[in-house]
Amino acid sequence: AKPPRAPNPAEAAPPEPDGPPYEPQLLQLAEIIGSLAYLRTLCGGKEAQDWRNRMTALIEAEGRTPQRRDRLTAAFNRGFKAYSLTHRSCTDASQ
């Protein structure tokens with residue numbers, strides 16, 4: 001069976017009417033950061049907390065409304081969860 005496909009942030013929800021035109025890419029970035037945060041934690045990387053800190057900085061910079069903060073957080077969590085379902089141990093590919 002194929003592993004579950006992470007939803008595309010652009011498909012998950014349309015950009016907010018007053019959001020920036022780059023919002024789909026921003027949500028995709030948040031999802032990638034979530035994936036990296038999971039992998040670095042899984043592999044015991046010294047920089048594991050750095051990815052969470054980067055996400056916090058992204059939310060502070062771009063989360064102008066509670067809805068945008070929620071969307072960014074949800075994208076991060078999707079990336080984290082998607083990788084937690086398919087990566088159970090640290091492998092060479094995970095590194």
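The count of aromatic pairs in this predicted model comes to 2, where rings of Phe, Tyr and Trp (its six-membered ring) pair if their centres lie within 6.5 Å, planes under 30 degrees apart count as stacked, over 60 as edge-to-face and the rest as tilted. Tyrosine 38 and phenylalanine 80 make up an edge-to-face pair, at 5.2 Å centre to centre and 85° between the planes. Because tyrosine 38 belongs to helix 2 and phenylalanine 80 to helix 4, this pair ties together parts that are 42 residues apart in sequence. The rings of phenylalanine 76 and phenylalanine 80 have centres 6.4 Å apart and planes at 25°, so this pair is stacked. Phenylalanine 76 and phenylalanine 80 are 4 residues apart in helix 4, and therefore separated by about one helical turn. Through these ring pairs Tyr38, Phe76 and Phe80 are linked into a cluster.

Tyrosine 38, at 12% relative accessibility, counts as buried. Phenylalanine 76 is buried as well, with a relative accessible area of 6%, whereas phenylalanine 80 is partly exposed at 22%.

Some conventions apply throughout. Residues are numbered from 1 along each chain as its sequence is written, and side-chain values use heavy atoms, with hydrogens and water left out. As the model is predicted, local features need pLDDT of at least 70 and side-chain atom pairs count only at pLDDT 80 or more, while totals for chains, interfaces and linings use all residues.

The chain has 4 helices and 0 strands, these elements being DSSP runs numbered from the N terminus (helices H or I, at least four residues; strands E, at least two). Along the sequence the pattern reads α-α-α-α. Of the 95 residues in the chain, 36% are buried. Contact means heavy atoms within 4.5 Å; among contacts in the chain with a separation of 6 or more, 69% are between residues 24 or more positions apart.

Helix 2 has 20 residues, which at 1.5 Å a residue should span 28 Å, and its end C-alpha atoms are 29 Å apart, which agrees. The expected span of a helix is 1.5 Å times one less than its number of residues. Arginine 40 counts as buried at 13% relative accessibility. Not counting residues up to four places away in sequence, arginine 40 touches Gly45, Glu47, Ala48, Trp51, Ser94 and Gln95. Alanine 37, leaving aside its neighbours within four places in sequence, is in contact with Trp51, Arg52, Phe76 and Phe80. Just after helix 2, glycine 44 takes a positive phi of about 65°.

Helix 3 covers residues 48-62 and reaches 22 Å from its first C-alpha to its last, close to the 21 Å expected for its 15 residues. Its buried residues are Ala48, Trp51, Met55, Leu58, Ile59 and Glu62. Seen down the axis of helix 3, these fall within an arc of 100°, so they line one face of the helix; the arc is that of the directions from the helix axis to the C-beta atoms. Glu60 and Ala61 are exposed on the other side of helix 3. The buried residues of helix 3 pack against helix 2 (23-42) and helix 4 (66-86).

Helix 4 has 21 residues and reaches 31 Å from its first C-alpha to its last, close to the expected 30 Å. Among its buried residues are Arg68, Arg71, Leu72, Ala75 and Phe76. The buried residues of helix 4 pack against helix 2 and helix 3.

What do the helices build between them? The largest nonpolar core has 12 residues, including Leu26, Ile33, Ala37, Trp51, Met55, Leu72 and Phe76. A nonpolar core is a set of buried Ala, Val, Leu, Ile, Met, Phe, Trp, Tyr and Cys residues joined through side-chain atoms within 4.5 Å. Helix 2, helix 3 and helix 4 each give two or more residues to this core, and the largest share, 5 residues, comes from helix 2.

Definitions and conventions: Buried < 20%, exposed > 50% of the residue type's maximum accessible area, 1.4 Å probe, protein only.
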